[in-house]
Amino acid sequence: MAHVMHLILLLLYCDGINTVTNPSPEFKPVTTVQRAVSKGQSHAIIEEVAILKPQYIELLCNLTDTPNNVLFITGYWTKDGQEIENSEETVNRNYEQYVLKKNFSIQARDLGNYSCIFREYEAKVTFILDVPAMKDKRDKPVVSYIGDSVVLVCILNPSPKSWNWYKTNYTGKELINDTASPLNYNIITNMTETKLTVLNLTEEDSGKYICSAEFDIKPSESYVELKVLSYMEPLKPFLAIVAEVIILVTLILLCERCNKRQHNNSASTENEAYSEQTSKLTRDESNGVESTTARQRKLKDI
């Protein structure tokens, strides 16, 4: 028979907001993280509840210190932002407080965000029901090199029933079995931690690795991205810069050579023009001398 867990949440609709969680003493207490959020004139509380196994759970909201102690108010429940059908009810004032509670059967498909809302005062409490989440998720990949080994780590408290490692591929994810592949993988696991060592890395070992903490209700998963590089990889930026410098120097030399050739051609053209002009002047002078000599001869003959 599924277990029953009682959670009692005290909501103070005033300047201060407090929460109290009291699980049933016959069961192991659930792990909770409490925080309060204020939104203008309304008050909201978010209560994270770790669910490890299928169970019945009673969620209870207690509203006190309201501005006007009316005889009754309206309360209802939502799941993931959608109002639960037939959950609205009239809540009578009892000893200066209003109590709204409801029982839920929680299976894997029922996990999510449950909220109790007091319509008139916009007071709201949200219970986040889910398996424990791993907090040490990496945003950047783990980088290693061909031939090396790398250790991937996942930590979770409370401890799961078991741990599994998977590697994603084109068809989905494949279970890693270190017993079947002792030369490639080594897995060390204790209650709250698991370590996967990938040995003798190759480029094929690059990809996404998933560690899965197995609970009765559903697994809690985290992933690590592994990138395996060759030892030439860090040199690629340097080689690219060297190649750019070589190309730049080559272009400069080619430009200088072209400019020098153009200059030489221009100088040759000027020299040829000067030579032609000098030759013409020489010829003109020679013709002038010959003409003068001829005239002098004619005068002598006369």
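## A first look at the core and the disulfides

Leaving aside neighbours within four places in sequence, isoleucine 106 is in contact (heavy atoms within 4.5 Å) with Ile51, Pro54, Gln55, Ile57, Leu111, Tyr114, Leu129 and Ile217. This is a predicted model, where local features need pLDDT of at least 70, side-chain atom pairs count only at pLDDT 80 or more, and totals for chains, interfaces and linings use all residues. Residues are numbered from 1 along each chain as its sequence is written, and side-chain values use heavy atoms, leaving out hydrogens and water.

**Core**
- The largest nonpolar core has 46 residues, and Trp77, Ile106, Phe127, Leu129 and Tyr209 touch the most other members.
- Such a core is a set of buried Ala, Val, Leu, Ile, Met, Phe, Trp, Tyr and Cys residues joined through side-chain atoms within 4.5 Å.

**Disulfides**
- The whole structure holds 2 disulfides, each a pair of cysteine sulfur atoms within 2.5 Å.
- Cysteine 61 and cysteine 116 are bonded, with sulfur atoms 1.8 Å apart; the torsion about their S-S bond is about -95 degrees, so this disulfide is left-handed.
- Cysteine 154 is joined to cysteine 211, S to S 1.9 Å.
- Cysteine 154 lies in strand β12 (residues 150-155) and cysteine 211 in strand β17 (residues 207-214), so the link ties together parts 57 residues apart in sequence; strands are DSSP runs (E, at least two residues), numbered from the N terminus.

- Cysteine 258 is partly exposed at 44% relative accessible area (buried is under 20%, exposed over 50%, partly exposed in between, with a 1.4 Å probe and protein chains only).

Technical notes. Helix = DSSP H or I, 4+ residues; strand = E, 2+ residues; numbered from the N terminus.
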